[in-house]
Amino acid sequence: MPEKEPIGVIGVGWVGLCTAACFADLGHHVYARDILPEKVESLSRGEVPMHEPGLSELVRGNAERLRFTTDIGEVLDNASLLFCCVDTPPTYSGDADLSRVEAVIAELGGSVGHAIVMKSTVPVGTGRSIRRRFGGVGYVSNPEFLKEGSAIKDFMHPDRVVIGADSESEPFADRVQALYEPLGTSVVRTDVASAEMVKLASNAFLATKISFINEIANVSEELGADVSEVARGMGLDDRIGPKFLQAGIGFGGSCFPKDVSALKQLAGNTGYHFQLLTAVVEVNELQKRRTIGKLQKHLGSLAGKEIALLGLAFKPNTDDVREATSLVLSARLQGEGANVRVFDPVAADGAREMLGGATITDSALEALEGADGAVLVTEWPEFAELDWVDVHQRMRVPVIVDGRNFLDREALVAAGFRYEGIGR
Ligand code: UGA
């Protein structure tokens, strides 16, 4: 069998490591470079610094094909397709901070015969601007659509792969396409700007879907409809689809908030006011305020009240707390004078410094013991499995706001809880 094309990965964060591990599992030799020596050393020992199901197994199982290094020269010597996976966090203005991407490009700029394959989420127009400045190097846009918590499955069974290249880089784009052939998925070939836009537009659309169903939920509360039933009825329409219609206390994470504001800002830079996305962000904020309102409805002033937050991670199966709703709720509840206790099965360590005066507990029961109210923030399965009859005995006031419509409402009401869901 012919040797598979070796690949380079620049930036071994969550996207970079998932990409490296999955390509290694598909039989490629992968040269993965990060600037942090400690990270490179621990990855070389098979230690994976993040919670992502199946990732550790892939890293350890493919150790002979995965080389971690700090040396960019070693990557350039061994691979010509260089997947750029550094992060692009938001700046205060909402633009994406491209300084890490710029640093990578500056290092690779003159490498004729190599192509940058951009996986990092970048503003539309980035590829064209890089090509203008560094003519010699190839450029392919290949946005990632991985979800935290199911990244390995998403990589191996993607809905589609998007590959954008301008005419001079088409031969590199063909080679990138060949890497994905074993996955047997639809490949969408476009120009670079369109591929960049597919990524931002997809995340913005999904965020819009969530804010839309959250508004339907808020109106349903007033009109006596149940948003879960409404979503089920809507979702069976093929044109709508059932996914991302789960009402809740709003979306978080390192992607949706960032990409929505990046696209809004990008439009604004051209003089176009993206009205819909402005509303998407506002509704997401509103969901948090409404959660606090629901507690106040039952408890009056929150000053001096003991409030338990169940869950810190922005969603289950991850320890990521970036832009997590839990952090905003914790800060606002403390602002109202409440004493906040929080529990999360995996995310507590990462959140510790961002929680201000909140107390982190070692178990859900410890957070709930003697509490005046509780908010379920993250739908970790273990929260559904709590003995809620016992919890009812332990809480001082049995008020629960189920921010993800996750708990068994009938059972909780039967146990004597004052239950508030979202849109029910
Ligand atoms: C998201 C996209 O789903 C991925 O396709 C994309 O690759 C990724 O961003 C990225 O740009 O890197 P992720 O942020 O991991 O993935 O998380 P999601 O599973 O999409 O959830 C995002 C947020 O929306 C979570 O806070 C979740 O609780 C919330 N959500 C999701 C809802 O409130 N309702 C839903 O119906 C679905």
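This is a predicted model: local features need pLDDT of at least 70, side-chain atom pairs count only at pLDDT 80 or more; totals for chains, interfaces and linings use all residues.
## The largest cavity

Let's start inside the protein: M118, K119, S120, T121, V122, S141, P143, E196 and K199 line the largest cavity. Sorted by class, the lining has three nonpolar, three polar and three charged residues.

How much space lies in the largest cavity? The answer is about 50 Å³. The structure holds one cavity of 30 Å³ or more. If you wonder how such spaces are found, rolling a probe the size of a water molecule over the atoms shows where empty space is left.

## Around the ligand

Now let's move to the ligand, which is surrounded by 19 residues. E144, L146, E148, K199 and N203 are the closest of these.

## Contacts with ligand oxygens

For K315, a polar side-chain atom lies 2.8 Å from an oxygen atom of the ligand. For G252, the atom belongs to the backbone: a backbone N or O atom lies 3.0 Å from a ligand oxygen. L245 also uses a backbone N or O atom, at 3.4 Å from an oxygen atom of the ligand.

How much of the ligand does the protein bury? Taken alone, the ligand exposes 710 Å², and the protein buries 92% of that.

## Where the shell comes from

Which elements give two or more residues to the shell around the ligand? They are helix 9, spanning 192-223, and helix 11, spanning 256-269. Helix 9 provides the largest share of the shell, with three residues.

Domain 1 (7-190) and domain 2 (204-420) each supply at least three residues to the shell around the ligand.

Key: Residues are numbered from 1 along each chain as its sequence is written. Side-chain values use heavy atoms; hydrogens and water are left out. A residue is near a molecule or strand if one of its heavy atoms lies within 4 Å of it. A polar contact is a pair of N or O atoms within 3.5 Å; within protein, one must be able to donate a hydrogen and the other to accept it, and residues adjacent in sequence count only if both atoms are side-chain atoms. Accessible areas come from the Shrake-Rupley method with a 1.4 Å probe; for residues, only the protein chains shown count as cover. Helices (H or I, at least four residues) and strands (E, at least two) are DSSP runs, numbered from the N terminus. Domain bounds come from an automatic or database domain assignment. On a 1 Å grid over the protein atoms alone, a cavity is a set of points where a 1.4 Å probe fits but cannot get out, and a pocket is an open set with protein on both sides within 12 Å along at least five of seven lines; lining residues have an atom within 4 Å of a point. Grid points are joined across faces, edges and corners, and a volume is the space filled by probe spheres set on the points. Ala, Val, Leu, Ile, Met, Phe, Trp, Tyr, Cys and Pro count as nonpolar, Asp, Glu, Lys and Arg as charged, and the others, Gly among them, as polar.
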